[in-house]
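Subject: Structure handover

Hello,

Here is the structure I promised to pass on. Please open it alongside this email, as my notes follow the chain part by part.

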Amino acid sequence: MKRVLMAVFKQEVGSFNPQPTCYDDFEIRRGTALIDDLRGTNTSTDGVIEVFSEHGAIEMVPTYAAWARVCNGLVVQADLDRLIDELLAEVGKTENIDGACICMHGAMAGEAEGDPEGRVLAGIRAHIGDAPMVVNFDLHGVFSDRMVDAADAMVLLHTYPHVDMRSTGRRSARVLLDIMEDGAKPTSARVQIPLLARGDQLITATGKFGEAMEICQKIEASEGGLAAGVNIGNPFTDTPDLRSNIFVTTDGDPERAEREALRLARFMWTHRALFVADLTPLEAAVRLAEETAGLTVFSDAADATASGASGDSNAILHGLLDYNYAKKALVPLVDAPAVAAAHAAGVGATLTLPLGGSLDKGRFTPLELEVYVQTLSDGQFTYEGGLPAEGGRSAVLIHGSLAILATERSVFSTGLRLFRAHGLEPTECDLVVCKSPNGFRIHYGDLAARIVAVDVPGSTSANLKTLPYAQCPRPIFPLDEGVVAPFPLED
Ligand SMILES: [Zn+2]
């Protein structure tokens, strides 16, 4: 039996969120618990487990899994060091490893370490020697030379919003089997693109980005095409490696890998003007919601908890009040002090609270509002994808026609279960605010009569020029004018 080392190391950091990520924000699993607890979840790891289980003659060697329940700011350095040391310590206990299949997001960053994934992959490489290593990633990862050098192949998601986590895990496991069992000789090409992409055209089912994904899928389906992906970075993970990348891996054909990677890079660069977000000013957004029959969804990408924001923005709440929105609306808000006050007052109480701005104090000022405490809860629920949410205690606070779902900690604001777990039914409302740029479309796309991407401030604003970049390599599109592609645009 061939022995395959497995590890999971996932988080997406928002460098402009002042709220740090701590060790306790991670779920940790060691040894077989990695398989037991991730089997059956909608994750890349489950896809890896499926392929090796179906194979029957692969011995999975699960070592360590760390995945963040939330995406906050930079990981506290001592906590990041602890995570990496723990992971590599478990890896160090293994022996006779024939291959490694690693599951990562790619956009983690610590206070003093911009490339945690590179450190992990280099550490695994040092332990397993020349054994093949395939790593699967989100397409929003940030890639260093150290990561690229350590892995034999990078396998990236092909959908956005992301629905192909499991199949991406499966693709990565199959590439590893191709190398280990069928003698494939992976040769990889990487083309770096000075591009930060946002906006609707990234939606792969309908947008221009989908055409790039089709090219990738054709490469992977072709003879000798092992992996092809377009990485667009996470524009909020401000590190020296932030940019877009093309990765193509072929079986022993470096010239083709280079050629296909260059073709994809040219495609992304040629269409770069499409990959800029088209945002609607707040007042206009409120007017659109008023005139819409049926459900309107506001995308607050600027406070996207899944992109690394703090979730405590009250900008849209402010706008709904300022512009006298009178229909039924659901607004999520991370606000531990408000939840504490509501729990102290009890169900049925009416009290005046400062709402929002408890975390990202430089961007948001608390809004004093009289609210009625409708329900209180321990906040435990399971996301649509099967993983548990841990937003801590919660409270439903009513102000006129507005229902504010306040949670103590950050939760992903993409699906309907967030609201339903708290007795709120999004489909019976006129407006739902999702703190998400696109992920919510999987759940709301068929339900919404109108979706509006609202231009409000926030640490993950799609209006990238509003963000205080300090480390990202410059010049880069669209932050700078006149950026020149570092590769030939024609043969
Ligand atoms: Zn992503």
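How far apart do the C-alpha centres of domain 1 and domain 2 lie? They lie 31 Å apart. Please keep in mind that this is a predicted model.

**Overall layout**

The domain assignment gives domain 1 as 2-274 and domain 2 as 280-461. Their contact takes 23 residues from domain 1 and 21 residues from domain 2. On the domain 1 side, the touching residues divide into eleven nonpolar, ten polar and two charged.

The protein chain has 13 helices and 20 strands. Its radius of gyration is 23 Å, close to the 23 Å that the globule rule gives for 491 residues, so the chain is as compact as a globular protein of that length. Along the principal axes, the C-alpha atoms fill a box of roughly 70 × 50 × 40 Å. Of the 491 residues, 56% count as buried. Take the contacts between residues at least 6 apart in sequence: 77% of them join residues at least 24 apart.

**The six-stranded sheet**

This open sheet runs in the order E2-E3-E1-E4-E5-E6, with mixed pairing. Strand E2 (26-30) and strand E6 (153-156) are its edge strands, and each pairs on one side only. From one strand to the next, the twist averages 15°.

Strands E4 (residues 99-104) and E5 (residues 133-137) run parallel and are joined by four bridges. Within that pair, Ile102 stands opposite Val135 in E5. Two helices are worth a look here. Helix H2 (residues 44-55) lies across E1, E3, E4 and E5, at about 155° to E4. Helix H4 (residues 116-128) also packs on the sheet and touches E1, E4 and E5. The direction of H4 makes about 170° with that of E4.

Lys2 is in strand E1. A residue needs 20 or more to count as buried, and 12 or fewer to count as exposed. Leaving out residues up to four places away in sequence, Lys2 touches Ile58, Glu59, Asp98, Gly99 and Met180. The C-alpha atoms of Lys2 and Ala57 are separated by 7.0 Å, although these residues are 55 residues apart along the chain.

Strand E9 (residues 244-251) is mostly covered, with seven of its eight residues buried. Strand E7 (residues 186-193) pairs with E9 in the antiparallel sense over eight bridges. There, the bridge partner of Arg190 is Phe247 in E9. Strand E8 (residues 225-231) also pairs with E9 in the antiparallel sense, over six bridges. Val230 stands opposite Ile246 in E9.

**The nine-stranded sheet**

What is the order of the nine strands? This open sheet reads E10-E20-E11-E19-E12-E18-E17-E14-E13, and the pairing is mixed. Strand E10 (280-281) and strand E13 (350-355) stand at the edges. Each has a single partner strand, so one side of each is left without a neighbour in the sheet.

Strands E11 (residues 296-299) and E19 (residues 431-434) pair in the parallel sense over four bridges. Phe298 stands opposite Val433 in E19. Helix H9 (residues 282-291) lies across E10, E11, E19 and E20, at about 165° to E20. Helix H10 (residues 315-322) packs on the sheet too, and its contacts include E11, E12 and E13. The direction of H10 makes about 145° with that of E12.

**Backbone details to check**

- Tyr160 and Pro161 are joined by a cis peptide bond, with omega about -5°. Pro161 lies in the loop between E6 and helix H6 (165-182).
- The peptide bond from Phe477 to Pro478 is cis, with omega near 5°. Pro478 is in the segment after E20.
- Asn96 has phi near 55°, a positive value in a residue other than glycine. Asn96 is in the loop between helix H3 (77-92) and E4. Asn96 is exposed, with 9 other C-beta atoms within 10 Å.
- Asn324 has a positive phi near 55°. Asn324 lies in the loop between H10 and E12. With 8 C-beta neighbours inside 10 Å, Asn324 counts as exposed.

Best wishes

How values were computed:
Residues numbered from 1 in each chain as written. Predicted model: local features only at pLDDT ≥ 70, side-chain atom pairs only at ≥ 80, totals over all residues. Domains from an automatic or database assignment. Contact = placed C-beta atoms within 7 Å. Nonpolar A, V, L, I, M, F, W, Y, C, P; charged D, E, K, R; others polar. Rg over C-alpha atoms; globule rule 2.2 N^0.38 Å. Pairing = 2+ DSSP bridges. Axes fitted to C-alpha atoms, helices over the stretch in contact; angles between N-to-C directions.
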